[in-house]
Amino acid sequence: MKRSRIVWITVACMFFALVAWVTTVTAKSDTQKQKALIDQAEIYINDEAYVRAEPLLDEAASYSGKYAKAAEEGLKTVYLKLLDSDGYRRKYTNLLDAQMGRKGAEPAVFREAAEYYMSAAKETKALAVLRDGIAKTGDEALRQYYEEHRYVYKMSRNVYQDVTAPCNGGVQVKLDGKWGLAATDGTLVIPCVYDKISTFSGVSVVKQGAEVFAVNSSNLRYALSHESISDFGELNDDRIGVKTENGWVLATADFTCGSLTVDGIGMYSGGAIPAKSGGKWGFMDPNGAEWSTAPQFDDIIRDEVGRCCAQDAVFVRVDDGVRLYVDGKMLDGSYEDAKPFADGWAAVKQHGKWGFINTAGEIMIDFQYDNALSFGQHLAAVQQGRDWGYISLQGKMVIAPNFLDARSFSGGSAAVKTADGWRFITLLEYKEEAGL
């Protein structure tokens with residue numbers, strides 16, 4: 001009995017020793033096979049006989065030896081040489097997908113894939129690869145590469161004679177001497193058939209001949225003014241300034257007018273309505289019945305559609321200087337000029353150059369530009385010399401200054417002036433929740 005047990009133990013030890021030997025020999029054999037296959041494939045690659053190298057590298061990559069990665073890199077070299085042949089682009093991208101999908105995938109493969117898709121004009125795919133790579137690896141170099149390319153854009157085909165600043169998801173556009181309304185990407189919404197059109201806020205007020213009326217987004221008439229209106233401003237939140245025989249009054253989109261008559265009215269924005277009376281500017285109450293801040297400023301800085309207030313901040317002109325007026329209080333410091341806040345830092349001018357400040361008056365980007373617009377969606381249009389481009393919050397030029405003029409971003413798009421006229425650029429990587 002004891003002898004039998006010894007025999008069984010001896011047999012078991014021999015069996016496990018045999019298994020270990022076979023495993024060692026097999027692993028060594030796989031590595032040797034890989035090396036031989038790769039060496040032969042390299043000879044074919046040097047001879048540019050790529051189709052003969054492919055099956056050798058494919059077999060080498062199928063083994064689990066230490067040269068598996070080298071075999072795959074060789075395969076990618078072959079695929080790239082044969083990209084213009086049927087099926088090889090798919091083979092290359094399939095291999096990239098496999099490498100990126102593995103646990104512990106290296107940042108280099110995500111970078112390689114992104115560069116390939118960029119070169120193939122598949123920028124959206126490239127940016128998706130980079131996002132995935134950053135999420136999986138946290139690699140800082142990959143993140144930097146993403147930042148350098150996230151502002152890739154497409155340009156619309158539509159060309160207009162003139163455009164205004166974006167507002168409420170729309171842009172006033174001019175074509176063949178008439179005005180209409182486009183979406184922020186330049187797609188025409190209300191045809192260019194009007195002598196004048198207001199900003200859109202559910203409806204737009206328009207002038208056609210002697211008539212002033214409101215139309216909806218389908219260009220169907222919403223309301224008609226029965227009063228004599230010679231001019232009007234911009235519509236927002238059912239408030240618009242209209243010029244009657246007695247002066248400017250605040251009205252609704254169906255032309256119900258307030259009681260306070262003034263010399264001029266800006267656009268309702270950020271809870272404020274700038275209005276002028278007796279040569280001075282103040283703020284009208286939201287119903288257009290009285291003053292909430294009596295006229296006392298030489299001017300209130302407004303953008304081209306008349307907005308002045310955002311983030312509880314307004315710029316006012318006093319004694320030939322521009323001051324920042326925040327939450328009813330005048331801050332220290334004076335500027336030569338300014339642009340109203342939008343949804344970020346405001347552009348201000350000092351010593352002949354433009355820079356950017358926050359609502360506390362702190363300088364965020366130094367004075368260095370020939371002109372600028374305030375930040376919108378974390379991008380700001382700036383002018384260097386003759387041309388306009390866009391900078392990020394870090395002050396880096398992320399969209400090259402290739403344009404004759406520019407408007408702010410809204411909804412991931414912005415109007416830019418080219419030699420042909422005004423066109424629209426749209427970011428491929430726009431995400432509103434990311435604050436672009």
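Biologist: Phe213, buried or exposed?
Modeller: Buried, at 3% relative accessibility. Keep in mind that the model is predicted.

Biologist: And Tyr194, buried or exposed?
Modeller: Tyr194 is buried too, at 3% relative accessibility.

Biologist: Why is the ring pair of Tyr194 and Phe213 called edge-to-face?
Modeller: The planes sit at 75°, so the pair counts as edge-to-face. The cut-off for that is over 60 degrees. The ring centres are 6.0 Å apart.

Biologist: Which strands hold Tyr194 and Phe213?
Modeller: Tyr194 is in strand S5 (residues 188–194), and Phe213 is in strand S8 (residues 211–215). The two parts tied together are 19 residues apart in sequence.

Biologist: How many aromatic pairs does the structure hold?
Modeller: It holds 14. One of them is Tyr153 with Phe403, a tilted pair at 6.4 Å centre to centre and 55° between the planes. That pair links distant parts of the chain, 250 residues apart: Tyr153 is in strand S1 and Phe403 in strand S28.

Biologist: Why is Tyr153 partly exposed?
Modeller: Its relative accessible area is 27%, and buried would need under 20%.

Biologist: Which residues do ring pairs link into a cluster?
Modeller: Trp345, Phe356, Tyr369 and Phe375.

Biologist: Switching to the core. How many residues are in the largest nonpolar core?
Modeller: There are 39. Ala53, Leu57 and Phe110 are among those with the most contacts inside it. Helices H1 to H7 each supply at least two residues. H5 gives the most, with seven.

Biologist: What does Phe110 contact?
Modeller: Beyond its neighbours within four places in sequence, its contacts include Met100, Val129, Asp132 and Leu142.

Biologist: What about a second core?
Modeller: A separate one has 15 residues, including Ile301, Leu331, Ala338 and Phe367.

Biologist: Back to H2. Which residues are buried in H2?
Modeller: Tyr50, Ala53, Glu54, Leu56, Leu57 and Ala60. H2 has 13 residues and reaches 18 Å from its first C-alpha to its last, close to the 18 Å expected.

Biologist: New topic. Where is Ser225?
Modeller: In the loop between strands S9 and S10. Ser225 counts as buried, at 11% relative accessibility.

Biologist: What does the side chain of Ser225 reach?
Modeller: The backbone oxygen of Glu227, at 3.2 Å. Leaving out residues up to four places away in sequence, Ser225 touches Val212 and Phe255.

Biologist: Last one. What order does the open sheet of four strands have?
Modeller: S13-S14-S15-S16, with antiparallel pairing. S13 and S16 are the edge strands. S13 pairs with S14 over two bridges, and Gly264 stands opposite Lys276 in S14.

Key:
Residues numbered from 1 in each chain as written. Predicted model: local features only at pLDDT ≥ 70, side-chain atom pairs only at ≥ 80, totals over all residues. Heavy atoms only, no water. Buried < 20%, exposed > 50% of the residue type's maximum accessible area, 1.4 Å probe, protein only. Polar contact = N/O pair within 3.5 Å; in protein donor to acceptor, adjacent residues only side chain to side chain. Contact = heavy atoms within 4.5 Å. Pairing = 2+ DSSP bridges. Expected span 1.5 Å × (residues − 1). Core = buried A, V, L, I, M, F, W, Y, C linked by side-chain atoms within 4.5 Å. Phe/Tyr/Trp six-rings, centres within 6.5 Å; stacked < 30°, edge-to-face > 60°.
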